[in-house]
Structure formats: structure tokens, C-alpha cells
Amino acid sequence: LMQLRTGHIGLNHHLFCIKRSETPVCPHCRGLTVEMVKHFLLDCPFYRKECHTLQLKLRRNAKSLSFLLSNPTAAIPLLKFVHSTGRFKSFFG
């Protein structure tokens, strides 16, 4: 969770900053949408199904980035969300 809080996680924005990606944009969204933590957790339409599951568990709090990243009750549902997206398989197996 600390990596999500700091933004130092394998999303393209961070990877681009450390020269590990050619682009900071989301691999699923067209245009110039930068793949940052907020986009990954709240905005990316590619993860709509996973977001819906998170909303069922956390209700309206699932749309609050500060709640997701700081409230202990969000930790397990958030980790399940991250796992269910498969976005970090190449980093965490």
C-alpha cells in the first residue's frame, strides 16, 4: 500500500520517470491519459468490473482516493482490487 500512496509503483507514469517505460500513458486508454495511481484506482474504464466489486465492499468510500490509501478498512479490499486487475503480475508474480 505504501507504494500506492507514494506513487512509486509499476504504473507507467512512475516507470516513465525512472526511464523504465517509453510512455507515461495508460496502456488501456487512448489519448494522453497518464497512468497514475488515481487513474488506475478510480478512473480507468478498463478496470470497471474490478471497481464495481470494490464499490460493493466500500460503498461511496470506494471513490475517495484518500480513503482508499489511508483508511485501514480499505486495505484488504484495495489489495484484492489490485490483485484482481492483474496489472502488476510482471512485478509481483
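Predicted model: local features only at pLDDT ≥ 70, side-chain atom pairs only at ≥ 80, totals over all residues.

Reply: Let's start with R87, which counts as buried at 15% relative accessibility (buried is under 20% relative accessible area, exposed over 50%, partly exposed in between, with a 1.4 Å probe and protein chains only). Residues are numbered from 1 along each chain as its sequence is written, and side-chain values use heavy atoms, with hydrogens and water left out.

Me: OK, where is R87 placed?

Reply: R87 is in the loop between helix 6 and helix 7. Helices here are DSSP runs of H or I with at least four residues, numbered from the N terminus (strands would be E runs of at least two).

Me: Which side chain does R87 meet in a salt bridge?

Reply: That's E35, at 2.7 Å from N to O. A salt bridge here is a side-chain nitrogen of Lys or Arg within 4 Å of a carboxyl oxygen of Asp or Glu. E35 lies in the loop between helix 2 (12-17) and helix 3, so the pair ties together parts that are 52 residues apart in sequence.

Me: And is E35 buried or exposed?

Reply: E35 counts as buried, at 1% relative accessibility.

Me: What else does R87 touch?

Reply: Besides E35, R87 touches G10, L11, N12, P27, F40, Y47 and V82, if you skip residues up to four places away in sequence. Contact means heavy atoms within 4.5 Å.

Me: How many salt bridges does the structure hold?

Reply: Two. Apart from the R87 and E35 pair, K38 forms one with D43, with the closest N and O atoms 2.6 Å apart. K38 is partly exposed at 44% relative accessible area, and D43 is partly exposed too, at 40%.

Me: Switching to the core. Which residues in the largest nonpolar core touch the most other members?

Reply: F40, L41, L68 and F81, out of 23 residues in that core. A nonpolar core is a set of buried Ala, Val, Leu, Ile, Met, Phe, Trp, Tyr and Cys residues joined through side-chain atoms within 4.5 Å. Helix 3 (37-43), helix 4 (48-58), helix 5 (65-70) and helix 6 (75-85) are the elements that give two or more residues to this core. Helix 3 has the largest share, with four residues.

Me: What does F81 touch?

Reply: Leaving out residues up to four places away in sequence, F81 touches F40, L41, Y47, E50, C51 and L54.

Me: Which residues of helix 6 are buried?

Reply: A75, P77, L78, F81, V82 and T85. Their cover includes helix 1, helix 3, helix 4 and helix 5.

Me: You mentioned helix 1. Where does L4 lie, then?

Reply: L4 lies in helix 1, and this leucine is buried, with a relative accessible area of 4%. Setting aside neighbours within four places in sequence, L4 is in contact with I9, V37, L69, L78 and V82. The C-alpha atoms of L4 and L68 are separated by 9.7 Å, and those two are 64 residues apart along the chain.

Me: Which residues make the nonpolar surface patch?

Reply: L1, I76 and L79 make the patch, about 260 Å² of it. Patches are made of residues with over 30% relative accessible area and no salt bridge: like charges are joined within 9 Å, nonpolar side chains (Val, Leu, Ile, Met, Phe, Trp, Tyr) within 5 Å. The areas come from the Shrake-Rupley method with a 1.4 Å probe, and for residues only the protein chains shown count as cover. L1 lies in the segment before helix 1 (2-6) and is partly exposed, at 32%.

Me: Last topic: backbone. Which residue other than glycine has a phi near 55°?

Reply: R59, and that value is positive. K19 isn't a glycine either, and has a positive phi of about 60°. For background, most residues other than glycine have a negative phi.

Me: Where are R59 and K19 found?

Reply: R59 is in the loop between helix 4 and helix 5, and K19 in the loop between helix 2 and helix 3. R59 is exposed, with a relative accessible area of 64%, and K19 counts as exposed at 73%.

Me: And what phi does G86 take?

Reply: A positive one of about 70°, just after helix 6.
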